[in-house]
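Biologist: I am new to this structure and would like to be guided through it. Could we look at it together?

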Amino acid sequence: MSYSNEDLAALVREDSVHKSVYTDPEIFRLEMERIYGRAWIYVGHDSQVPNPGDYHTTSLGGQEVIMVRGSDKKVYVLYNRCPHKGAKVVAEGCGNTGKFFRCPYHAWTFKLDGQHLAAPMKNGFEGTCFDPKHPDFSMRRVARVESYRGFVFANQSAEGPDLGEFLGHVITSIDNMCDRSPVGEVEVVGGTFKVWQPSNWKVFYENLHDTMHANVTHESSYVAAREQAQDYGSMPLELHIMDGNGEPYGFWEKLDLYAFENGHGYMEGIFNPGAIETDPVSKAHFETLKDAYGEEKALGILGQNRHNTIIYGSGSPHTVFQQFRVIRPVAVDRTHVEIQLFRLKGAPDEIYKRGLMYANLINSPSSNVMPDDIEVYGRCQEGNLTRGGDWISMHRYNGTDKPIEGGMVATNGTSELPMRNQFRAWKKFMTMA
């Protein structure tokens, strides 16, 4: 069916949402156009393309794009399309294209910023309107590209707020991840984990701050962790991380959930990797930060303990364990998640290894935790295709959240404020003139 703005607005109530927003391919198509065509979306980190000619492919709302380092050292984001016959210029993945892109079909070539460079047998264009300087004969750039502390975002619309305004307060999570480096810089290291989930993309965002699911969905892993710890006679960090999901409801009730404009938000930290006074890895990290920034600022940086941050449309950075789960919608019932792990430049290598351990245990395809989520995501998708009801509840603690500058904070950590906030953003984007 075709949807008017009024139809779309009627799918979102203050305390519930219609299931068709997860299951209707037409709504998914509109989301790619109206959300992913208007919002700032994370493309990648500039450390993934350190040298001229380095490129990394990804997608923006179904549009295949290339992030590339130009000969002028700037990072460009181009649509992966040759203007001649429309062929993809580079295959999926990453590499170095040299000084120019060369289409594999008819050998049209382009500068690293997308400008037309050459086409073979030019005499064949004589007498036509072919003009190598006209944009129609170049690889097209995405309308806007901005980088913040190495995190590259692109926007397919030339109109709207700049990146800083769009991110609002959650930009502090990017700052905190970078500030945990004594030189203020991070870099993507190694390959990336890739996970396919058989469900709509929005389910992943909702789950990131859904504190009511942890000790139900992840029961098998935290019970196993506790049994293992009992055998060991201690609870090492690896088991402590899995054990955290088994905290009782009272623990989650006390956490703070923050929600901001454009669907963003973050959740107070639930894991503390170690105390500076007692954990040698944390103490060594603190010493590098103290030398770089002074004791007061170093304590402030490590004292900002956040669990998942949500950058709506892009994914979820985790500052304490320095990773970014990049979320790419593929179809109404299929979502691709890429987990990037960062090294804090200048920090002890043990900090990187700790982040790698966390990614392996919690978020990798073979982890003890992620498959639990994938299973319930798929069940949500399947259940919403039945005739068992039309509306999905977001009632929990509705009406109790408190306003703060630019957003709201939950008075109770099991509030469904994050879901309501995301759908307020969804409704705004989807019905925007």
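Predicted model: local features only at pLDDT ≥ 70, side-chain atom pairs only at ≥ 80, totals over all residues.

Biologist: Let us begin with the pockets. How much space lies in the largest pocket?

Modeller: The largest pocket holds about 650 Å³ of space. Its lining is made up of 28 residues.

Biologist: Which of those residues lie nearest its centre?

Modeller: Thr57, Thr58, Glu92, Lys194 and Glu338 lie nearest the centre of the largest pocket.

Biologist: And which strands supply at least two residues of the lining?

Modeller: Strand 3 (54-60), strand 4 (63-69), strand 13 (193-197), strand 18 (323-331) and strand 19 (334-344) each contribute at least two residues to the lining of the largest pocket.

Biologist: How does that lining divide by class?

Modeller: The lining of the largest pocket has 14 polar, 9 nonpolar and 5 charged residues.

Biologist: What about the second largest pocket: how much space lies there?

Modeller: The second largest pocket contains about 440 Å³ of space. It is lined by 18 residues, and Val203, Glu206, Asp210, Cys380 and Ile392 are those nearest its centre.

Biologist: Which element gives the largest share of that lining?

Modeller: Helix 14 gives the largest share, with 4 residues. At least two lining residues each come from helix 6 (201-208), helix 14 (370-383) and strand 20 (391-393). By class, the lining of the second largest pocket comprises 8 nonpolar, 6 polar and 4 charged residues.

Biologist: Let us change topic. How many salt bridges are there?

Modeller: The count comes to 20 salt bridges. In one of them, Lys202 pairs with Glu31, and the closest N and O atoms are 2.6 Å apart. Lys202 belongs to helix 6 and Glu31 to helix 3 (residues 25-34), so this pair ties together parts that are 171 residues apart in sequence.

Biologist: Is Lys202 buried or exposed?

Modeller: Lys202 is buried, with a relative accessible area of 2%.

Biologist: With what does Asp243 form a salt bridge?

Modeller: The side chain of Asp243 meets that of Arg226 in a salt bridge, at 2.4 Å from N to O. Asp243 is in helix 9 (residues 237-243) and Arg226 in helix 8 (residues 219-232), so the link spans 17 residues.

Biologist: Which residue pairs with Lys353?

Modeller: Lys353 forms a salt bridge with Asp349, and their closest N and O atoms are 3.9 Å apart. The two residues lie 4 residues apart in helix 13 (residues 349-363), which means that about one helical turn separates them. Asp349 is partly exposed, at 34% relative accessibility.

Biologist: Which residues are linked in a network of salt bridges?

Modeller: Glu26, Arg29, Glu33 and Arg34 are linked in such a network.

Biologist: Finally, helix 15. How far does it reach?

Modeller: Helix 15 (residues 417-431) has 15 residues and reaches 21 Å from its first C-alpha to its last, close to the 21 Å expected at 1.5 Å a residue.

Biologist: Why is helix 15 described as largely enclosed?

Modeller: Helix 15 is largely enclosed by the rest of the structure because 11 of its 15 residues are buried. Among the buried residues are Phe423, Trp426, Phe429 and Met430. The buried residues of helix 15 also include Arg420, Asn421 and Gln422.

Conventions
Residues numbered from 1 in each chain as written. Heavy atoms only, no water. Expected span 1.5 Å × (residues − 1). Buried < 20%, exposed > 50% of the residue type's maximum accessible area, 1.4 Å probe, protein only. 1 Å grid on protein atoms, 1.4 Å probe; cavity = no way out; pocket = protein on both sides within 12 Å on 5 of 7 lines; lining within 4 Å. Points joined across faces, edges and corners; volume = space filled by probe spheres on them. Nonpolar A, V, L, I, M, F, W, Y, C, P; charged D, E, K, R; others polar. Salt bridge = Lys/Arg side-chain N within 4 Å of Asp/Glu carboxyl O.
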